[in-house]
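I'm opening my notebook to look up a few things in this structure.

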Amino acid sequence: MDQQTEARLVERARAGDMRAFGDLVDASQAPVRAFMRRLCGDADDADDLTQEAFARAWEVLDKFDGRSRLRAFVCGIAYKYWLRRRRSDARRAAREQAYADLGETDAAPQPDTARKLALRRAMDDLPQDQRAALALCLGAEFTHAEAAEALGLPLGTVKSHVNRGRARLQAALGVTTGEVQ
């Protein structure tokens with residue numbers, strides 16, 4: 001969807017047109033959901049957070065200034081929900097330490113599965129802002145500017161997060177430059 005069409009739909013949605021907002025959701029849902037799935041590592045949690053973010057976007061649509069795409073606005077909302085959930089999960093894990101230690105399985109993982117698990121663990125070890133910047137720029141193909149808008153960070157900071165995060169992933173996975181995309 002081009003920006004002019006998006007702007008018209010936003011104005012109609014602000015006036016209460018649910019169909020226009022539905023069209024905006026349809027156009028923005030896939031990149032927001034993909035971003036959240038990369039952050040969460042769990043499709044169900046990501047889908048829940050995406051739904052919550054769009055519901056909240058409807059409530060605060062008047063705060064969307066139109067300088068960026070709506071998907072960046074909704075990703076910013078979803079990111080904040082993810083941060084809250086992550087903090088809540090960390091507190092719960094601390095209370096339930098005995099359940100958190102599940103141990104390793106006896107079966108050796110398949111090479112592709114092992115690589116995916118290694119990537120997931122490496123992503124989990126990144127600082128939250130780096131993780132989010134990588135998920136948007138490399139995973140969801142956002143521009144650095146769009147990611148900066150979504151995350152509420154300066155453009156230079158997002159660029160640094162992407163570069164440093166990519167380097168940390170490469171080091172954690174033992175790959176050379178260019179293999180992690």
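**Entry: words I need.** Before I call anything buried, I need the cut-offs: buried means under 20% relative accessible area, exposed means over 50%, and partly exposed is in between. I also note that this is a predicted model.

**Entry: the overall layout.** The chain has nine helices and zero strands. Reading along the sequence, I wrote the pattern down as α-α-α-α-α-α-α-α-α. Then I checked burial: of the 181 residues in the chain, 35% count as buried.

**Entry: salt bridges.** How many salt bridges does the count come to? It comes to twelve. I picked out a few of them to look at.

I started with Arg14 and Glu11, whose side chains meet in a salt bridge at 2.7 Å, N to O. Where do these two sit? They are three residues apart in helix H1, which covers residues 3–14, so about one helical turn separates them. I remembered the general rule here: an α-helix has 3.6 residues a turn, so residues three or four places apart point the same way. Next I looked up how open each one is. Arg14 has 34% relative accessibility, so I call Arg14 partly exposed. Glu11 comes out at 46%, so Glu11 is partly exposed too.

My next pair was Asp45 and Arg85, with a salt bridge of 3.7 Å, N to O. This pair links distant parts of the chain: Asp45 is in helix H3 (residues 43–59), Arg85 is in helix H4 (residues 70–95), and they are 40 residues apart. Asp45 is partly exposed, with a relative accessible area of 31%. Arg85 is also partly exposed, at 24%.

Then I turned to Asp65 and Arg67. They form a salt bridge, and their closest N and O atoms are 2.7 Å apart.

**Entry: a charged patch.** Which residues gather in a patch of positive charge on the surface? I listed Lys80, Arg84, Arg87 and Arg91. Arg91 has a relative accessible area of 48%, so I put it down as partly exposed.

**Entry: aromatic pairs.** Searching the whole structure, I get three aromatic pairs. One of them is Phe64 with Phe73, a tilted pair: 5.2 Å centre to centre, with 50 degrees between the planes. Both Phe64 and Phe73 are buried.

Another is Tyr79 with Trp82, and this pair is stacked: 5.9 Å centre to centre, with 25 degrees between the planes. Why does this pair count as stacked? It does because planes under 30 degrees apart count as stacked. Tyr79 and Trp82 are three residues apart in helix H4, so about one helical turn lies between them. Tyr79 has 4% relative accessibility, so it counts as buried. Trp82 is buried as well, with a relative accessible area of 5%.

Entry: Glu149 sits in helix H8, residues 144–151. Its relative accessibility is 33%, so Glu149 counts as partly exposed.

**Entry: helix H7 and what follows.** Helix H7 covers residues 128–139, and its buried residues are Gln130, Arg131, Ala132, Ala133, Leu134, Ala135, Leu136 and Cys137. Glu141 lies in the loop between H7 and H8. With 66% relative accessibility, Glu141 counts as exposed.

Definitions and conventions
Residues numbered from 1 in each chain as written. Predicted model: local features only at pLDDT ≥ 70, side-chain atom pairs only at ≥ 80, totals over all residues. Heavy atoms only, no water. Salt bridge = Lys/Arg side-chain N within 4 Å of Asp/Glu carboxyl O. Helix = DSSP H or I, 4+ residues; strand = E, 2+ residues; numbered from the N terminus. Buried < 20%, exposed > 50% of the residue type's maximum accessible area, 1.4 Å probe, protein only. Patch = residues over 30% accessible without salt bridge, like charges linked within 9 Å, V, L, I, M, F, W, Y side chains within 5 Å. Areas by Shrake-Rupley, 256 points an atom, 1.4 Å probe, with all protein chains shown as cover. Lys, Arg positive; Asp, Glu negative; His and termini not counted. Charge placed at Lys NZ, Arg CZ, Asp CG, Glu CD. Phe/Tyr/Trp six-rings, centres within 6.5 Å; stacked < 30°, edge-to-face > 60°.
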